[in-house]
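User: I am new to this structure. Please walk me through it with a few questions and answers.

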Amino acid sequence: MKEINITEQIKYIGVDDKTIDLFEGQYVVPNGISYNSYLIKDEKNVIMDTVDKRATEEWFKKLEKELENEKPDYLVVSHMEPDHAANIQKLTEKYPNMKIIGNEKTFTFIQQFFDIQKLEERKIVVKEGDTISTGKHTLQFFMAPMVHWPEVMVTYEQTEKILFTADGFGKFGTLDTDEEWTCEARRYYFNIVGKYGAQVQQLLKKAANLEIKTICPLHGPILKENLDFYIQKYDIWSKYEPEDEGVLIAYASIYGNTKEAAQEMVSILKEKGVEKIAITDLARDDMAEAIEDAFRYDKMILAASSYNMGVFPFMEQFLHHLQGKHFQNRKVGIIENGTWAPSAGKCMKEILEKMKNIEICPTVVTIRSKMNEQNKKEMQQLAEEMIRGGE
Ligand code: FEO
């Protein structure tokens, strides 16, 4: 069992999960996920969140080891989602004198999930800016509603200048995964928190007033160096600004003819000097990654077959995901395919028009069954509009 110490008195007691099939019931996590939990050792011992029920046994072992025969005095509940809160019932039964720190909403949710004995006597309800001293440490609480769920709050430990950020700054992948932070943190951010950019902005404003040495999220690595890098990424992402110049080509193809057009588009863009191009098969590739790339780049080309007077469902699903996550401020090109009554373009446009500040390129390429020479010329035109702006 690898030991990770945050500081002398703050211990990591989280657990890596490498066998989960779908995180939060929908996301593939090829490198697993970590459920982070922390113990602050002091005159009063504080547990910062529990873990998923998949990790109960290992977590209790780690907790007991770090407690060294002492007992916890407080549990801080940053977030009630079961990947962090699943062990609250068991923990409160094991340590009947332990108090539970949360906000009004936390306790509404606790009562919905659990039946905790003498909860009224054990609960400590905190509000924005409240502090609790544990000896050498002082915890200060800041509300972060909808930085994933409405009860979310972050905790600033004033002495060691550590911000416990709940789901904020989280990342897919276990802690022993050797990979750069940005890619899986971005996929995590846009799929899990992406809808709540405004709320993340509010949290960043609060964090800007704090001197932070370490960020302790509930998933992924503890961040100790170069914190501006991570904060800047969160600032860009939560403002819905593109992070990179580049093009995502997302296609939904039934027999491969639309796919062929999408691949042709890759060649055209490469010839025109576009350096960053991502291509995704919406029926087969990871939808969460397609969403991530759509937010990452400033441009996107959609290529889809027509289907039942509409658009092939994988494309419809993708666009509805983007709409739900407040996709905005991007340039989009459309390629449709239809043998007798092409309807994909109109359907895609209708969904895109519900989003904010989406510029749709004037050339819509309509393929009749299979791309022909005329289509290739139109795709050249579309690429020009994409890169240089339409005439
Ligand atoms: Fe990691 Fe929103 O729970």
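Analyst: The protein has 391 residues, and 58% of them count as buried. The model is a predicted one.

User: How many helices and strands does the protein have?
Analyst: The C-alpha trace spans about 75 × 35 × 35 Å along its principal axes. Within the protein, the secondary structure comes to 13 helices and 19 strands.

User: Among contacts between residues at least 6 apart in sequence, what percentage join residues at least 24 apart?
Analyst: Contact here means heavy atoms within 4.5 Å. Take the pairs at least 6 apart in sequence; the share joining residues at least 24 apart is 72%.

User: Why do the buried residues of helix 12 line one face of the helix?
Analyst: Helix 12 covers residues 344-352, and its buried residues are Ala344, Gly345, Cys347, Met348, Ile351 and Leu352. An α-helix has 3.6 residues a turn, so residues three or four places apart point the same way. Seen down the axis of helix 12, the buried residues line one face because they fall within an arc of 165 degrees.

User: What covers those buried residues of helix 12?
Analyst: The cover includes both strands and a helix. Helix 11 (313-324) is one of the elements. Also included are strand 16, strand 17 (310-311), strand 18 (328-337) and strand 19 (356-367).

User: Is Tyr307 buried, exposed or partly exposed?
Analyst: Tyr307 sits in strand 16, residues 297-307. With Ile254 and Tyr255, Tyr307 makes a nonpolar surface patch of about 370 Å². Its relative accessible area is 37%, and the middle class runs between 20% and 50%. Therefore Tyr307 is partly exposed.

User: Where is Glu225, and is it buried or exposed?
Analyst: Glu225 lies in the loop between strand 13 (214-216) and helix 8 (227-238). Its C-alpha atom is separated by 7.8 Å from that of Lys213, 12 residues apart along the chain. The relative accessible area of Glu225 is 64%, so this loop residue is exposed.

Definitions and conventions
Residues numbered from 1 in each chain as written. Predicted model: local features only at pLDDT ≥ 70, side-chain atom pairs only at ≥ 80, totals over all residues. Heavy atoms only, no water. Patch = residues over 30% accessible without salt bridge, like charges linked within 9 Å, V, L, I, M, F, W, Y side chains within 5 Å. Areas by Shrake-Rupley, 256 points an atom, 1.4 Å probe, with all protein chains shown as cover. Salt bridge = Lys/Arg side-chain N within 4 Å of Asp/Glu carboxyl O. Helix = DSSP H or I, 4+ residues; strand = E, 2+ residues; numbered from the N terminus. Buried < 20%, exposed > 50% of the residue type's maximum accessible area, 1.4 Å probe, protein only. Arc of directions from axis to C-beta.
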